[in-house]
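Subject: Structure handover and notes

Hello,

Here is the structure for your files. My notes follow below it.

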Amino acid sequence: MILPSDDSGPRADIVLPCLDEAAALPGVLARVPRGWRAIVVDNGSTDGSADVARSLSATVVHEPRRGFGSACHAGLLASEAEFVCFCDCDGSLDPALLTGFVRRVADGECDLLLGRRRPRERGAWPAHARAGNAALSRMLHRRTGLRLRDLGPMRAGRRADLLALGLTDRRSGYPLQMVVRAADAGLRVAETDVPYLARTGKSKVTGTWLGTWHAVRDMRAVLAEPPVPAGVPQ
């Protein structure tokens, strides 16, 4: 496995929620920064994803409760580094870019940094998924005052800060709940552009209109929640 050469800056754990991503995992894990720990959270794969990840020296966590949030939170709980990153493991995003994310958080520019997806290939981000994301961004602004143009899955923050948010959503609303509760807790949330490629295989969430509708439904429920003080027990 060939690792990226840039190993400068602070180390981090990177959480990779996984459901049947055996084909994409080798390429994704090859892009994990040197010295970082890749935590592949297997969410019920039937294609041998866990074995592939383990063979490539990733830490494998099994999360039997289905749901994107379940997988992400299991990875967060399994992390040990000061900084924790999240990234899809379908080949659409480059985890090597997260070194810059962590450096900016460590330098005090922000507390939670999100990647704003910028499509580089035709079909990378279907129109219905972009429309749902834009609508949620507007609702997020009304709820929190944050002006974010994307609520994508690629992000980085301090483990202690993220655990203190008391995240409870275990479905598609997890990424949005993290942002909402971070804003409510007074954390500084920012975004930066990242290239977005066509994923390997079929999307489990936003690849169809129905999947996008379910994701938007979950996220609307998150936006309807009243503010929750940070430090809620896990």
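Which backbone nitrogen does the side chain of Asp 169 reach at 3.2 Å? The backbone nitrogen is that of Gly 173. Before the rest, two remarks on how to read the values. This is a predicted model, in which local features need pLDDT of at least 70 and side-chain atom pairs count only at pLDDT 80 or more, while totals for chains, interfaces and linings use all residues. Residues are numbered from 1 along each chain as its sequence is written, and side-chain values use heavy atoms, with hydrogens and water left out.

Asp 169 and helix H7

Asp 169 sits in the loop between helix H6 (159-164) and helix H7 (174-184). Helices (H or I, at least four residues) and strands (E, at least two) are DSSP runs, numbered from the N terminus. A polar atom of the Asp 169 side chain also lies 3.2 Å from the backbone nitrogen of Tyr 174. Polar contacts here are pairs of N or O atoms within 3.5 Å; within protein, one must be able to donate a hydrogen and the other to accept it, and residues adjacent in sequence count only if both atoms are side-chain atoms.

Asp 169 is buried but has no salt bridge, and the nearest side chain of opposite charge, Arg 171, is 6.3 Å away. Buried means under 20% relative accessible area, exposed over 50%, and partly exposed in between (1.4 Å probe, protein chains only). For charge, Lys and Arg count as positive and Asp and Glu as negative, with His and the chain ends not counted. A salt bridge is a side-chain nitrogen of Lys or Arg within 4 Å of a carboxyl oxygen of Asp or Glu. Not counting residues up to four places away in sequence, Asp 169 is in contact (heavy atoms within 4.5 Å) with Gly 69, Tyr 174, Gln 177, Asp 218 and Val 222.

In H7, nine of the eleven residues are buried, among them Tyr 174, Gln 177 and Arg 181.

Asp 20 has a phi near 55° and belongs to the loop between strand S1 (13-18) and helix H1 (25-29). Its relative accessible area is 29%, so Asp 20 is partly exposed. For Ser 57, phi is near 75°, and the residue lies in the loop between helix H2 (49-55) and strand S3 (59-62). Ser 57 is exposed, at 67% relative accessible area.

Salt bridges

The structure holds 13 salt bridges. Arg 54 and Asp 51 form one of them, at 3.2 Å from N to O. Arg 54 and Asp 51 are about one helical turn apart because they are three residues apart in helix H2. Arg 54 is partly exposed, at 43%.

Arg 158 pairs with Glu 82 in a salt bridge, with the closest N and O atoms 3.2 Å apart. This pair links distant parts of the chain, 76 residues apart: Arg 158 is in strand S6 (residues 155-158), and Glu 82 is in the loop between helix H3 (68-78) and strand S4 (83-86).

Arg 188 and Asp 111 form a salt bridge at 3.1 Å, N to O. They are 77 residues apart, with Arg 188 in the loop between H7 and strand S7 (189-196) and Asp 111 in the loop between helix H4 (98-106) and strand S5 (112-119). Arg 188 is partly exposed at 41%, whereas Asp 111 is buried at 14%. Arg 116, Arg 118 and Asp 193 are linked in a network of salt bridges.

Regards
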